[in-house]
Amino acid sequence: MNQCVTPPRELWVASRMGNCPAYAAPDLVFTSNRGENTVGIFTTVDAPSVEKVGVGIRPNGLAYDPRRARLLAAHVGDPAIPGSCTVSIVDVRARARVADLAVAGRTRWTVFDPVADAFHVNVADPPQIVVVDPEPARIRRIATVPHAGPHGLDIDVARRRLFVACDAGVLLEVDADSGKVLSTEAIAGVPDVVFFNARLAHLYVAIGEPGVIEVFQTAPLRRLETVSTEAGAHTLSFDATRSVVCAFLPASHRASVYGDA
């Protein structure tokens with residue numbers, strides 16, 4: 001990937017961020033607001049505005065079902081509060097939380113799968129992927145992950161593949177319909193954000209220590225290159241139209257912008 005560096009003010013909002021994840025849909029931006037247990041719904045046309053909807057304890061990953069206008073918020077929870085590891089379903093049109101489901105542990109990232117018509121949610125411990133039906137909200141299936149700490153998550157919808165980056169230092173290719181692990185690749189450390197580039201069939205894995213983005217080909221799964229960023233840089237955004245990846249650099253208060261040809 002080719003690199004340039006820019007101050008953060010030049011970047012767009014649609015990103016997966018370590019402490020305040022954001023998710024963009026046409027004319028809408030969603031944020032999980034961990035400090036106040038809400039999600040924010042930003043409208044970007046006509047009269048721009050923001051509204052907040054209460055969800056569970058310490059919301060983290062977000063995913064959106066555009067057909068139903070349902071937003072899933074996956075929660076970190078609080079170890080001092082039994083049963084606080086949950087996911088919430090928000091009706092975006094009504095600006096209301098409509099369901100809560102308990103999960104077995106702290107959640108990480110989540111994606112919506114339009115073919116399965118379901119959300120996939122990573123749970124760190126016990127390591128698993130929980131498949132959630134949007135309406136009526138229920139847990140459809142749970143797939144056990146054979147490595148510690150499923151963290152970053154994205155999906156190749158066409159090939160029916162989930163990509164799961166685990167704290168154990170491995171990247172998994174998982175069948176989205178059965179939960180079977182199809183291949184495994186070592187990565188450089190504990191990951192955070194992953195993004196799948198459907199046009200190029202590339203996957204980007206952010207690793208804060210030592211501070212790299214690992215780029216993988218996905219068919220078959222193999223590493224293409226390792227790009228140095230900065231220690232602690234575990235947050236990415238991705239522009240799918242232009243194949244541009246942005247890494248936020250916390251130590252130097254900048255962002256690196258990479259183009260993938």
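Q: In this predicted model, how many residues of strand S7 (residues 59-65) are buried?
A: Strand S7 is mostly covered. Buried means under 20% relative accessible area. Asp65 has 0% relative accessibility, so Asp65 counts as buried.

Q: Which residue in S8 is the bridge partner of Leu62?
A: S7 pairs with strand S8 (residues 70-75) in the antiparallel sense. Five bridges join the two strands. Across from Leu62, the bridge partner in S8 is Ala73.

Q: Which residue in the hairpin of S7 and S8 takes a positive phi?
A: The hairpin has four residues between the strands. The positive phi is near 55 degrees. The residue that takes it is Ala69.

Q: How many residues apart in sequence are the parts that Arg68 and Asp117 tie together?
A: The two side chains meet in a salt bridge at 2.6 Å, N to O. Arg68 lies in the loop between S7 and S8, and Asp117 lies in the loop between strand S11 (107-113) and strand S12 (118-123), so the pair ties together parts of the chain whose separation is 49 residues.

Q: Is Arg68 buried or exposed?
A: Arg68 also meets Asp65 in a salt bridge, at 2.7 Å, N to O. The relative accessibility of Arg68 is 12%. The cut-off for buried is under 20%, so Arg68 counts as buried.

Q: Where does Arg159, the salt-bridge partner of Glu173, lie?
A: The side chains of Glu173 and Arg159 meet at 3.7 Å, N to O. Glu173 is in strand S17 (residues 170-175), and the two residues are 14 apart. At 7% relative accessibility Glu173 counts as buried, while Arg159 at 33% counts as partly exposed. Arg159 lies in the loop between strand S15 (150-156) and strand S16 (161-166).

Q: Which residue in S22 stands opposite Glu214?
A: Strand S21 (residues 212-218) pairs with S22 over seven bridges. The pairing is antiparallel. Opposite Glu214 stands Thr226.

Q: How many residues are in the second, separate core?
A: The largest nonpolar core has 29 residues. Met1, Leu162, Val164, Tyr204, Ile213 and Leu236 touch the most other members there. The second core includes Leu72, Ala74, Val123 and Val132, and its residue count is 15.

How values were computed
Residues are numbered from 1 along each chain as its sequence is written. This is a predicted model: local features need pLDDT of at least 70, side-chain atom pairs count only at pLDDT 80 or more; totals for chains, interfaces and linings use all residues. Side-chain values use heavy atoms; hydrogens and water are left out. Two strands pair if DSSP finds at least two bridges between them. Buried means under 20% relative accessible area, exposed over 50%, partly exposed in between (1.4 Å probe, protein chains only). A nonpolar core is a set of buried Ala, Val, Leu, Ile, Met, Phe, Trp, Tyr and Cys residues joined through side-chain atoms within 4.5 Å. A salt bridge is a side-chain nitrogen of Lys or Arg within 4 Å of a carboxyl oxygen of Asp or Glu.
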